[in-house]
Amino acid sequence: MKSEVKRGYLLEDFRLFRLKTAMSGEIEPHYHDFHKVLLFEGGDAGYIIEGRKFNLTPGDIVLVSAGDVHCPVVAAGKPYERTVIYISPQFLKHFSGITDNTDNLQHCFDIAKNKGSVLHINGRVRPFLLSPLETVISETDNYNNNKNAFAGRLMAKAAFIQFVIALNRAIIYHDLREERAKTDPKIEKLIAHINANLQDADLTADALAKNAFLSRWHLMRKFKAVTGYSLHRYITEKRLLKARQLLTDSDAPITEVCYMCGFNDYSTFARAFKKLFNRSPKNMR
């Protein structure tokens, strides 16, 4: 297990940048501590999210939830133009339910995980999504260049919340067309089973192979080919991500969190946790 598969960092509430580059090589499958939105604007690219592969066309929007294993698929030397947005889950949680308990700003990511992570922006919706982002960029630039725009950072934050609301509305009211993914049905079903049963200590290769009606060797080879992860590494890191969430969002005792996430031994859990997150479960709590 290697901790470097976690890529990027986010110290702010959100971060937005535009990129127009040619890829120099393959990007290893990885995950983030934050949500990610990618607006694909041009080039020849695809995207793999939790074993599902999507072909992208200009106007597509990619939603990647925190902890989801993903990577772009771009041939070396080919153009890849996109706007990338990092979003803190805590930031969205803070502004959810302020006026109404149904105002969950993370709803768009919940839908993406269950129904489809890549959607297409139609012409009618596009201005409502992109206009707030332009405000975010201009207000942030003004602030960074010391142009002393009154309440510039607050204006950028307000415009960004407007963008998130517009994105949620577009998905909820079906203004975005879902893109179909190319996937291996057995591996997709297996991934869903793993993520729904991380507390089960018996998520062994033999048990999962039997469940998928595959040989142990064939399952492990196919899983690695589809996701970029070994089966053991995927399960371990998903369990540790769940443990971190429980440590920060609940009052459950640390030893109970260990067993709730499928670990049989606390010392094994603590060592793996510290190796991945560079801090002990106690320090995380």
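Trainee: How much space lies in the second largest pocket?

Mentor: The second largest pocket holds about 460 Å³ of space, a volume being the space filled by probe spheres set on grid points joined across faces, edges and corners. On a 1 Å grid over the protein atoms alone, a pocket is an open set of points with protein on both sides within 12 Å along at least five of seven lines. This is a predicted model, in which local features need pLDDT of at least 70 and side-chain atom pairs count only at pLDDT 80 or more, while totals for chains, interfaces and linings use all residues. Residues are numbered from 1 along each chain as its sequence is written, and side-chain values use heavy atoms, with hydrogens and water left out.

Trainee: And which residues lie nearest the centre of that pocket?

Mentor: Glu12, Phe14, Val136, Thr140 and Ala156 do, out of 16 lining residues, each with an atom within 4 Å of a point. Two or more lining residues come from each of β1, α3 and α4. Helix α3 gives the most, with six residues. Helices (H or I, at least four residues) and strands (E, at least two) are DSSP runs, numbered from the N terminus.

Trainee: Which of its residues are buried?

Mentor: Leu129, Pro132, Leu133, Val136, Ile137 and Glu139 are buried in α3, that is, under 20% relative accessible area with a 1.4 Å probe, protein chains only. These residues pack against β1 (14-22), β2 (35-43), β7 (79-87), β8 (118-121) and α4 (152-172), contact meaning heavy atoms within 4.5 Å. Just after α3, asparagine 146 has a positive phi of about 60°.

Trainee: What about cavities: how many of 30 Å³ or more are there?

Mentor: The structure has one. A cavity is a set of points where a 1.4 Å probe fits but cannot get out. The largest cavity holds about 40 Å³ of space, and its lining consists of Leu39, Phe40, Glu41, Gly59, Asp60, Ile121, Arg126 and Leu130. Both β2 and α3 give two or more residues to that lining, the largest share, three residues, coming from β2.

Trainee: Changing topic, is strand β3 enclosed or open?

Mentor: Strand β3 (residues 45-49) is largely enclosed by the rest of the structure, because five of its five residues are buried. Ala45, Tyr47 and Ile49 cover one side, and Gly46 and Ile48 the other.

Trainee: Which strands does it pair with?

Mentor: Five bridges join β3 to β6 (residues 70-74), and four join β3 to β4 (residues 52-55); strands pair if DSSP finds at least two bridges between them. Both pairs run antiparallel. Isoleucine 48 stands opposite cysteine 71 in β6, and glycine 46 faces asparagine 55 in β4. In the hairpin of β3 and β4, with two residues between the strands, glutamate 50 takes a positive phi near 50°.

Trainee: And the order of the sheet?

Mentor: The three strands form an open sheet in the order β4-β3-β6. Strands β4 and β6 stand at the edges with a single partner each, so one side of each lacks a neighbour in the sheet.

Notes
Buried < 20%, exposed > 50% of the residue type's maximum accessible area, 1.4 Å probe, protein only.
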